[in-house]
Amino acid sequence: MTAPPRPLPVRKQDMLRRFDQDVDAWVSTASLDGTPYLMPLSFLWSDDTLLLSTTVTNPTARNLQTNPKVQLTIGQVRDVIHITGTAAVTDATEAEAESFATKAGFDPRPLPNYPFFRVTPTKIQAWREVNELKDRVLMDKGVWLV
């Protein structure tokens, strides 16, 4: 039997806990000609943004520098967080970079050509089962609905 749908405040709290605990997200980008690319990357949630890092030669980095639109998915099919946003190369603060390295088990700072990208979410959705689809949007147009 399916559990009843979670109220939106509970769903947001669950989502924020997952942002703290989960390490990786599926990151979907597209080149200017529309060629899609999907890549798992570690992330850090910081000040309502997600921090990512990958080498500049990775198609994800190349795509984000020419087409900043991005989608990220965290979790499994029956407990998913789906994020739509825009990304830009950024300078992570020392605290963010240290937190990223600790969480990811990977420190891009000493590596050449590993920029950080900051993803600013414009829409965040979270759901577990079909009964949560109706109210799955937690953020829209960059504004929290909860």
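**A strand and its partners**

Modeller: T84 counts as partly exposed, because its relative accessibility is 22%; buried means under 20% relative accessible area, exposed means over 50%, and partly exposed lies in between, as found with a 1.4 Å probe on protein chains only. This is a predicted model, in which local features need pLDDT of at least 70 and side-chain atom pairs count only at pLDDT 80 or more, whereas totals for chains, interfaces and linings use all residues. Residues are numbered from 1 along each chain as its sequence is written, and side-chain values use heavy atoms, with hydrogens and water left out.

T84 belongs to strand β6, which covers residues 79-90. Strands (E, at least two residues) and helices (H or I, at least four) are DSSP runs, numbered from the N terminus. If residues up to four places away in sequence are not counted, T84 touches V70, Q71, T120, P121, T122 and K123; contact here means heavy atoms within 4.5 Å. The C-alpha atom of T84 is also separated by 7.7 Å from that of K69, a residue 15 places away along the chain.

Among the residues with the most contacts inside the largest nonpolar core, which has 24 residues, are I81 and I83. Such a core is a set of buried Ala, Val, Leu, Ile, Met, Phe, Trp, Tyr and Cys residues joined through side-chain atoms within 4.5 Å. Strand β6 is one of the elements that each supply at least two residues of this core, as are α1, β5 and β7. The largest share, 4 residues, comes from β7. Leaving aside neighbours within four places in sequence, I81 is in contact with residues including M15, F19, L72 and I124. In soluble globular proteins, nonpolar side chains tend to be buried together.

The side chains of D79 and R18 meet in a salt bridge at 3.2 Å, N to O; the term denotes a side-chain nitrogen of Lys or Arg within 4 Å of a carboxyl oxygen of Asp or Glu. R18 lies in helix α1 and D79 in strand β6, so the pair ties together parts that are 61 residues apart in sequence. R18 is buried, with a relative accessible area of 13%, while D79 is partly exposed at 24%. Both residues belong to a network of salt bridges that also includes D14 and R128. The side chains of D14 and R128 meet in a salt bridge at 3.4 Å, N to O.
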